[in-house]
Amino acid sequence: MLRGLPSGTRVSVRYALDDDDASGLPLTDALGELTAVDAGTLTVRTRRGDVVVAARDVRAARVVPPAAPRRRRG
């Protein structure tokens with residue numbers, strides 16, 4: 001799904017959480033720059049840090065446009 005995309009591509013990845021995740025939610029998303037993809041995992045650099053996702057847990061993924069510039073508070 002994400003194989004072949006260049007590093008730095010902005011993506012949104014929906015993936016399944018572990019059964020023992022404290023949130024109680026079955027799925028979550030990672031939005032950020034794709035930094036690595038191999039046969040078993042992919043890594044997305046989000047605002048909160050790198051998220052490593054097992055390829056088997058990915059439910060959906062897509063390329064998204066660059067983030068809009070942040071507005072200055074005035």
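Colleague: Which residues line the second largest pocket?

Modeller: Please bear in mind that this is a predicted model. Rolling a probe the size of a water molecule over the atoms shows where empty space is left. Here, the lining of the second largest pocket consists of Arg 10, Leu 31, Gly 32, Glu 33, Arg 45, Thr 46, Arg 47 and Ala 67. E2 and E3 are the elements giving two or more residues to this lining, and E2 has the largest share, with three. The volume is about 160 Å³.

Colleague: How many nonpolar, polar and charged residues does the lining of the second largest pocket have?

Modeller: That lining has four charged, two polar and two nonpolar residues. In the largest pocket, the lining divides into four nonpolar, two polar and two charged residues.

Colleague: What volume does the largest pocket have, and which residues line it?

Modeller: Its space amounts to about 220 Å³. Tyr 15, Thr 28, Asp 29, Ala 30, Leu 31, Thr 46, Arg 48 and Val 51 form the lining, to which E2 gives the most, namely four residues.

Colleague: Which element supplies the largest share of the largest nonpolar core?

Modeller: The core has 12 residues in all, among them Tyr 15, Ala 30 and Val 51. E1 provides the largest share, three residues.

Colleague: With which strands does E1 pair?

Modeller: E1 runs antiparallel to E2, over seven bridges, and antiparallel to E5, through five bridges. Ser 12 stands opposite Leu 31 in E2, while Val 11 stands opposite Val 63 in E5. Five of the seven residues of E1 are buried.

Methods:
Residues numbered from 1 in each chain as written. Predicted model: local features only at pLDDT ≥ 70, side-chain atom pairs only at ≥ 80, totals over all residues. Heavy atoms only, no water. Buried < 20%, exposed > 50% of the residue type's maximum accessible area, 1.4 Å probe, protein only. Pairing = 2+ DSSP bridges. Core = buried A, V, L, I, M, F, W, Y, C linked by side-chain atoms within 4.5 Å. 1 Å grid on protein atoms, 1.4 Å probe; cavity = no way out; pocket = protein on both sides within 12 Å on 5 of 7 lines; lining within 4 Å. Points joined across faces, edges and corners; volume = space filled by probe spheres on them. Nonpolar A, V, L, I, M, F, W, Y, C, P; charged D, E, K, R; others polar.
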